[in-house]
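Subject: Structure for you to look at

Hello,

I am passing on the structure we talked about. Please open it next to the text below and follow along.

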Amino acid sequence: MLLTELLHPGILASLTGAGHGARVLLADGHYPASTATGERARTVHLNLAPGLLDVTTVLDVLLRALPVESAHVMVPPEGEPEPSAVAGYRSALAPRPVTALDRAAFYEAARSRDLALAVVTADTRTYANLLLTIGVRTEGILEPR
């Protein structure tokens with residue numbers, strides 16, 4: 001029996017096989033996951049119905065399950081306002097560095113051989129994509145409650 005709230009078998013399997021520097025893509029419902037992900041990444045679809053499960057919800061669970069070193073966000077063309085999803089990610093990930101990438105650069109980063117997992121959500125917000133880099137576990141072992 002697991003003591004973590006993260007119970008999805010495919011996500012757990014991918015994360016346990018990933019190490020420091022591996023990446024995890026949290027994609028919105030608009031993301032072209034069949035063409036803009038790394039060839040070795042496992043893809044998990046959590047997009048049952050529009051808006052039912054969003055990237056922020058998945059991020060909240062993952063932040064309690066693994067160390068995150070840094071992140072990349074997809075942003076609109078220069079001159080357009082930062083989407084609310086991106087501002088929310090910056091807040092949730094602080095003080096970790098969050099780097100903004102335009103759409104083409106984000107797709108290229110997500111196609112990296114370091115991508116271990118792509119989680120496709122039903123997030124309907126535009127530019128709600130997030131690319132996490134796994135960090136190093138700090139010393140100490142979690143004790144069961």
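Please keep in mind that the model is predicted.

Helix packing

Helix α2 covers residues 55-63, and helix α3 covers residues 84-93. Their axes lie 11 Å apart and meet at an angle of about 10°. Angles under 35 degrees count as roughly parallel, so α2 and α3 are roughly parallel to each other. On the α2 side, the contact is made by V55, T56, L59 and L63; on the α3 side, by Y89, A92 and L93. Sorted by class, this contact has 6 nonpolar residues, 1 polar residue and no charged ones.

The buried side of α2

Which residues of α2 are buried? They are V55, V58, L59 and L62. These residues cover an arc of only 100° around the axis, so they sit on the same side of α2. In general, an α-helix has 3.6 residues a turn, so residues three or four places apart point the same way. What covers the buried residues of α2 includes α1 (9-17), β1 (23-27), α3, β5 (115-120) and β6 (130-134).

A loop residue

N129 is found in the loop between β5 and β6. Is N129 buried or exposed? N129 has a relative accessible area of 2% and is buried. A polar atom of the N129 side chain lies 2.8 Å from the backbone nitrogen of D28. Leaving aside neighbours within four places in sequence, the residues in contact with N129 include L26, A27, Y31, H72 and Y89.

Regards

Methods: Residues numbered from 1 in each chain as written. Predicted model: local features only at pLDDT ≥ 70, side-chain atom pairs only at ≥ 80, totals over all residues. Heavy atoms only, no water. Axes fitted to C-alpha atoms, helices over the stretch in contact; angles between N-to-C directions. Helix = DSSP H or I, 4+ residues; strand = E, 2+ residues; numbered from the N terminus. Parallel < 35°, antiparallel > 145°, perpendicular 65-115°, else oblique. Contact = heavy atoms within 4.5 Å. Nonpolar A, V, L, I, M, F, W, Y, C, P; charged D, E, K, R; others polar. Buried < 20%, exposed > 50% of the residue type's maximum accessible area, 1.4 Å probe, protein only. Arc of directions from axis to C-beta. Polar contact = N/O pair within 3.5 Å; in protein donor to acceptor, adjacent residues only side chain to side chain.
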